[in-house]
Amino acid sequence: MTSTLSPAHAALLATVPVGSSDIVTSEVDYESDGTALQGYRAVDTAVDGPRPGVLVVHDWNGVGDYVRVRCQMLARLGYVAFAPDIYGRDVRPDDSQAPGVAGSFYRNPSLMRARVQAGLAQLTALPDVDPRRVAAIGYCFGGSVALALAADGADIAGVVTFHGGLIPVSPQDAAGIRAKILVLTGAADPVVPDDAVTAFENSLRAAPQVDWQVTCYAGAMHAFTLPEAAAPDHGALYDPRAAGRAWVAMLDFFKEIFA
């Protein structure tokens, strides 16, 4: 796979050394309510026995190289990673099409939840996954989807969102949240401004049983973990310092929730 990656994605993958890993990847065909979906799985076959599983939800471009690279990075660290297909098997929009496709799911939260729940079922059914140690992470659109999974009461250990849209959680949904939540967002993100962060925080403050944390990275814009993000005029820019800190924050969170 690495030979077909862009230099930026190849460099990102190289930040996690292969070591003694024997990474096997595969496309996974499945369906939800009659819609054909195709996710992506990465696992280190050199590791024996069940291990934590991580659901890695794609950004608004769908299942592509970026989320595949993140899955491989996690697999190199010993996790079983699965990228669910929220859109549909043949739906891989470019940047001009993506706002419309992602928007259709924001307008239909029930469908968004059904698709991510279908992906979670695929992950937890894998024989090498310990179903008691499962988390979901997501990037941009995928961050919103991961949070929707938590709001749906999924029985998972934790959720991490990277520069994801932050939608206030209803009191009914907040009361049923079981996952710990880590929000990693840019302090200079015009897509997720301060008032959106505050509104999201306030919706969780009303549910004191929810374990949540929000970290803001100084100067970081939207999409700060995506190496190809280079549109500061539109508020999206790769920030390697913030991206590195966010990755470490996620791994520390995993150590806690999977202990």
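The questions below concern salt bridges in this predicted model.

Trainee: Why is the contact between arginine 113 and aspartate 173 called a salt bridge?

Mentor: The N to O distance between their side chains is 2.7 Å. The cut-off is within 4 Å, from a side-chain nitrogen of Lys or Arg to a carboxyl oxygen of Asp or Glu, so the pair qualifies.

Trainee: What makes arginine 113 count as buried?

Mentor: Its relative accessibility is 19%. Buried means under 20%, so arginine 113 falls in that class.

Trainee: How do you know that aspartate 90 and arginine 89 meet in a salt bridge?

Mentor: Their N to O distance is 3.8 Å. The limit is within 4 Å, so this pair also counts.

Trainee: Are aspartate 90 and arginine 89 buried, partly exposed or exposed?

Mentor: Aspartate 90 has a relative accessible area of 69%, and exposed means over 50%, so aspartate 90 is exposed. Arginine 89 has 36%, which lies between 20% and 50%, so arginine 89 is partly exposed.

Trainee: What about aspartate 130 and arginine 132?

Mentor: Their closest N and O atoms are 3.1 Å apart, and they form a salt bridge. Aspartate 130 is buried, at 8%, whereas arginine 132 is exposed, at 70%.

Trainee: How many salt bridges does the rule give?

Mentor: The count comes to 12. Glu27, Asp65 and Arg68 are linked in a network of salt bridges.

Conventions:
Residues numbered from 1 in each chain as written. Predicted model: local features only at pLDDT ≥ 70, side-chain atom pairs only at ≥ 80, totals over all residues. Heavy atoms only, no water. Buried < 20%, exposed > 50% of the residue type's maximum accessible area, 1.4 Å probe, protein only.
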